[in-house]
Amino acid sequence: MSDNRYDLIVLGAGSAARDGAGKAAREYGAKVALVERERWGGSCPNVACRPTKAYLVAAELVHDVRQHARERGIDLPEPTIDLARTRAWKDSIRRDQAGWIETLSEAGYALFPGVATIVDEHTVRVGERELTADRILIATGSRTAVPPIPGIEDVDWIDHVSALELEEVPQSLLVVGAGPVGLEFAQIFARFGSRVTIVNHGPQIAARADAEAARELQTALEAEGIDVVLNGEVESLSRAEHGIEATLRERTIVVSHVLLASGRTPNVEELDLDRVGVEVTPGGIVVDDRQRTTVPGIWAAGDVALGPLFTPTAQYQARLAVDDMLGDHSRRANYTILPTAVFTDPELAGVGLTESEAREQGFDVEVVKHPLAAVTRAQLTGSRHGLYKIVFSRENRRVLGVHVVSRGASDIVGSLAPALQLGVTVDDLAFVHHIYPSYSEGLKAAAERALAPVPA
């Protein structure tokens with residue numbers, strides 16, 4: 001095999017790319033080339049998931065000290081944030097680019113820095129070099145979508161990447177979009193001391209979440225002083241004497257910073273996909289349930305492909321693609337039982353169907369709920385806003401969905417995915433042993449409300 005010939009060429013070096021390359025090399029003995037134009041390791045560990053969660057941990061600590069230290073007999077001065085030091089701590093817990101190159105090289109991949117262009121279904125050009133392979137996996141990720149707001153080109157907006165590089169806390173912040181990224185950064189900077197306004201185009205924050213759970217999270221955020229505008233629109237942006245003037249549908253505000261968090265754009269422009277016949281929509285590369293594109297020999301996974309935009313699903317898709325290209329082709333993508341979470345405080349997490357989805361799909365639905373404030377652990381931590389909600393079928397009692405707003409909600413919900421896959425009933429959840437005092441006991445308490453009354 002020549003130096004430029006590989007079993008698999010992977011475009012990108014993020015979560016999907018690395019998982020696909022790893023599976024191909026470990027399980028199938030494939031010779032793999034990785035091509036990356038900007039950031040070895042990808043967005044998640046470098047500028048997205050991990051660094052954002054580091055800021056969320058810092059923000060939660062500030063909040064707890066400010067809100068609860070004195071009542072618990074801990075005498076501390078009013079906490080303040082030195083954002084430059086917080087940024088330095090965040091940077092210290094992530095691997096640098098030299099470390100990523102060493103790690104990926106030691107894994108046995110051939111690394112090619114540069115911009116990739118697909119010449120045909122077996123050939124990729126990187127600079128002056130052409131690489132060939134029987135299979136190509138596109139995993140080039142996505143970037144912040146810039147909405148068509150009049151005047152946006154005249155202001156210095158930030159996104160989740162540049163927000164993590166600020167050395168001073170914004171005095172005031174307008175967050176455009178109320179998905180996971182917008183909500184998490186809104187709370188981070190509100191707790192750091194910013195005056196925060198969220199503007200969301202739709203009628204609900206966290207649009208894909210259960211509506212009741214989303215309202216509960218909104219109540220928690222508003223209780224912290226975050227202004228949430230639903231069914232809103234930023235009609236224009238312009239420079240002002242003391243910041244950025246944002247004209248909203250109902251009013252005009254002046255803020256020091258604007259953070260864009262209203263969507264993602266797939267990184268496909270430089271790949272020249274039209275020329276080789278790979279179908280692309282504004283939402284990403286069109287793939288089937290085996291991650292095959294419209295061109296044989298080319299697969300796509302992660303944010304660049306149509307489908308859920310989460311790190312675990314990117315990894316899942318890449319592994320599925322590799323099984324299809326090198327294995328027995330038996331696996332198909334299935335997102336029926338997909339746990340998701342927004343890592344605010346409280347977290348909003350869900351798995352399975354929302355109440356409205358269950359009704360739309362024709363189930364005879366029952367719902368049981370339990371308030372977070374009634375859970376002992378929440379009382380100990382001063383958590384007031386939250387709930388546990390179980391959506392189940394009246395016919396066979398099978399749980400269709402679980403939605404939790406609480407600290408630790410992601411851990412509670414994530415562990416339930418296998419149970420829902422195996423057909424757990426609401427009675428199973430009611431009769432299961434639980435740990436006291438824990439956040440998870442609220443789920444059992446909710447399930448117990450579904451039990452028939454015991455005759456006298």
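Colleague: What volume does the second largest pocket have?

Modeller: This is a predicted model, in which local features need pLDDT of at least 70, side-chain atom pairs count only at pLDDT 80 or more, and totals for chains, interfaces and linings use all residues. Residues are numbered from 1 along each chain as its sequence is written, and side-chain values use heavy atoms, without hydrogens and water. A pocket is an open set of points on a 1 Å grid where a 1.4 Å probe fits, with protein on both sides within 12 Å along at least five of seven lines; lining residues have an atom within 4 Å of a point. With volume taken as the space filled by probe spheres set on the points, the second largest pocket has about 460 Å³.

Colleague: Which element gives the most to the lining of the second largest pocket?

Modeller: The lining has 19 residues, and H63, Q67, R191, E224 and R384 are the closest to the centre. Two or more residues come from each of α3 (49-68), α7 (180-192) and α8 (211-223), helices being DSSP runs of H or I with at least four residues. With five residues, the most is given by α3.
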